[in-house]
Amino acid sequence: MADPARVPDREIGLACARIALERKARDVRVLFVGDRLAIAEYFVMATVNNRRQARAIRDAIRVELKEMGVGVPQAASEDPDGRWSLYDYGSVVLHLFDDEGRTYFDLDSIWADVPVEELPDVEAA
């Protein structure tokens, strides 16, 4: 198993984005917030169609990050209505939204002025 301190934050964020894209999430973005926020380096945001898709993405990310040596989230929070869920991997925070949650929380506007990582081309699973 890899040493989690050696896995670059950017690599963790891009792995989360790739997995979300492979499982047909929409509007996937990886934002570098490290220059503006002390608690994380990257936010990964994705829009999902339903709770089932969100769970599939969450589970796949947990498996892959564990294999990378990152481990499980330090914290997790889910809206009881299923509009939003958050998984805190320390330097990378994953946000999964449904359409209503993405609009309501509007993190895209809040973080509109931070750098956005280019995402890999992937084929949906």
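Modeller: Strand β1 (residues 26-32) runs antiparallel to β2, and five bridges join them. Strands here are DSSP runs of E with at least two residues, helices are runs of H or I with at least four, and both are numbered from the N terminus. Two strands pair if DSSP finds at least two bridges between them.

Colleague: Before we go on, what kind of model is this?

Modeller: This is a predicted model: local features need pLDDT of at least 70, side-chain atom pairs count only at pLDDT 80 or more, and totals for chains, interfaces and linings use all residues. Residues are numbered from 1 along each chain as its sequence is written, and side-chain values use heavy atoms, with hydrogens and water left out.

Colleague: Fine. Which residue stands opposite Phe-43 in β2?

Modeller: Leu-31. Phe-32 stands opposite Tyr-42.

Colleague: And how does β2 pair with β5, parallel or antiparallel?

Modeller: Parallel, over six bridges. Val-44 stands opposite Leu-94 of β5 there.

Colleague: What is the strand order of the whole sheet?

Modeller: β1-β2-β5-β4-β3. The sheet is open, has five strands and is mixed in its pairing. β1 and β3 each have a single partner strand, so one side of each has no neighbour in the sheet. On average, neighbouring strands are turned by 10° against each other, direction ignored. Axes are lines fitted to C-alpha atoms, for helices over the stretch in contact, and angles run from 0 to 180 degrees between N-to-C directions.

Colleague: Back to β2. How many of its residues are buried?

Modeller: Six of the six in β2 (residues 42-47), so the strand is largely enclosed by the rest of the structure. Buried means under 20% relative accessible area, exposed over 50%, and partly exposed in between, with a 1.4 Å probe and protein chains only.

Colleague: Which residues sit on which face?

Modeller: Tyr-42, Val-44 and Ala-46 are on one side, with Phe-43, Met-45 and Thr-47 on the other. In a regular strand, side chains alternate between the two faces of the sheet.

Colleague: Now helices. What does α2 lie across?

Modeller: β3, β4 and β5. α2 runs at about 160° to β5.

Colleague: And α1, what do its buried residues pack against?

Modeller: β1, β2, α2 and β5. Contact means heavy atoms within 4.5 Å. The buried residues of α1 include Ile-12, Cys-16, Ile-19 and Ala-20.

Colleague: What span should α1 have, at 1.5 Å a residue?

Modeller: 20 Å for its 14 residues, and the end C-alpha atoms are 20 Å apart, which agrees. The expected span is 1.5 Å times one less than the number of residues. Just after α1, Lys-24 takes a positive phi of about 65°.

Colleague: New topic. How many salt bridges are there in the whole structure?

Modeller: The search finds 12. A salt bridge is a side-chain nitrogen of Lys or Arg within 4 Å of a carboxyl oxygen of Asp or Glu. One of them joins Glu-117 to Arg-10, with the closest N and O atoms 2.6 Å apart. Glu-117 lies in the segment after α4 (107-110) and Arg-10 in helix α1 (residues 9-22), so the pair ties together parts 107 residues apart in sequence.

Colleague: Are those two buried or exposed?

Modeller: Glu-117 counts as buried at 18% relative accessibility. Arg-10 counts as partly exposed at 40%.

Colleague: What does Arg-58 bridge to?

Modeller: Asp-59, at 2.9 Å between the closest N and O atoms, and Glu-78, at 3.4 Å. Arg-58 in helix α2 (residues 51-68) and Glu-78 in strand β3 (residues 75-78) are 20 residues apart, so to speak distant parts of the chain. Arg-58 is buried at 15%, while Asp-59 is partly exposed at 36%, and Glu-78 is partly exposed at 47%.

Colleague: Which residues form a network of salt bridges?

Modeller: Arg-18, Glu-22, Arg-23 and Glu-64.

Colleague: Last one. Where is Ser-91?

Modeller: In the loop between β4 (84-88) and β5 (92-97). Ser-91 is buried, with a relative accessible area of 19%. Not counting residues up to four places away in sequence, Ser-91 touches Asp-9, Ala-40, Glu-41 and Tyr-42.
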